[in-house]
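Morning, everyone. Please have a look at the sequence and the model on the screen. I will walk you through them briefly.

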Amino acid sequence: MNHKAAIPNAFTLSNLLLGILSIVYTMDQNYSMSAIMILLAAVLDGMDGRVARKLEVSSAFGKELDSLSDLVSFGVAPAILVYAAHLEVPYQYFGLAIAIIFALCGAVRLARFNVLNITTHFLGIPITVAGPLMAIFSLAGNRLPTLFFPVAMLLLAGLMVSNLKVPKL
């Protein structure tokens with residue numbers, strides 16, 4: 001592997017590391033730090049592709065590694081965070097089902113993105129938008145009504161797998 005390719009991959013793996021730390025913070029019931037890890041992962045995710053293009057080392061490997069990292073950081077970590085912090089007590093198994101649906105829709109969204117190879121727009125909202133939004137909502141916490149979380153999570157899950165054309169910025 002090209003040594004320059006290791007640089008964007010380090011950003012991608014750091015994104016994944018922050019997603020894993022988010023899950024650990026959720027397990028420790030430190031929901032604010034969990035949400036912050038997701039938001040920091042989003043910053044790193046925004047950098048890995050730019051660095052790869054700048055260094056001219058974009059690759060299929062990097063794209064796959066990025067998708068796997070994104071699934072953890074913006075699919076699984078936000079689902080577990082929102083379930084533990086906002087869905088478990090009021091909704092129990094229904095809340096768990098909503099969190100699982102969010103993560104599964106994120107996986108489908110990423111797989112579809114990887115095989116369609118559309119360059120002009122996104123089809124459905126990116127998981128890199130949906131996950132950080134749920135982290136921001138979680139930080140707002142008690143200032144939002146209890147019903148907000150299941151509705152927002154299901155809406156974002158549906159939008160990720162929708163045929164909505166979202167412009168690439």
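Residues 91-110 are 100% helix and 0% strand. Helix here means a DSSP run of H or I, at least four residues; a strand is a run of E, at least two; both are numbered from the N terminus.

Some ground rules. This is a predicted model, where local features need pLDDT of at least 70, side-chain atom pairs count only at pLDDT 80 or more, and totals for chains, interfaces and linings use all residues. Residues are numbered from 1 along each chain as its sequence is written, and side-chain values use heavy atoms, with hydrogens and water left out.

UniProt, in an unreviewed entry, lists them as a "transmembrane region".

Now the whole chain. How many helices and strands does the protein chain have? Five helices and two strands. In sequence order the pattern is α-α-α-β-α-α-β. The radius of gyration is 16 Å, close to the 15 Å from the globule rule for 169 residues, so the chain is as compact as a globular protein of that length. That radius is taken over C-alpha atoms, and the rule is 2.2 Å times the number of residues to the power 0.38. The C-alpha trace spans about 50 × 35 × 25 Å along its principal axes.

Next, burial and contacts. Buried means under 20% relative accessible area, exposed means over 50%, and partly exposed is in between (1.4 Å probe, protein chains only). Of the 169 residues, 44% count as buried. A contact means heavy atoms within 4.5 Å. Take the contacts with a separation of 6 or more: 78% of them join residues 24 or more positions apart.

Start with Ile38, in helix 2, residues 31-55. Is Ile38 buried or exposed? Buried, with a relative accessible area of 0%. Beyond four places in sequence, Ile38 touches several residues, among them Ser22, Phe74, Leu81 and Pro132. Ala77 is another of its contacts. Ile38 and Ala77 are 39 residues apart in sequence, yet 7.4 Å apart in space, C-alpha to C-alpha.

Ser67 sits in helix 3, residues 60-116. Ser67 counts as buried, at 9% relative accessibility. Setting aside neighbours within four places, Ser67 contacts Leu110 and Asn114.

Gln92 is in helix 3 too. Gln92 counts as exposed, at 54% relative accessibility. Its contacts, leaving out neighbours within four places, are Tyr83 and Leu87. From Gln92 to Pro78 there are 14 residues along the chain and 17 Å between C-alpha atoms.

Last, Lys4. Lys4 lies in the segment before helix 1, residues 6-27. Its relative accessible area is 42%, which makes Lys4 partly exposed. Not counting residues up to four places away, Lys4 touches Leu55 and Val57. Val24 is 20 residues away from Lys4 in sequence, and their C-alpha atoms are 31 Å apart.

That's the tour. Over to you.

Note on methods: UniProt positions renumbered as here; feature names shortened; annotations may be inferred.
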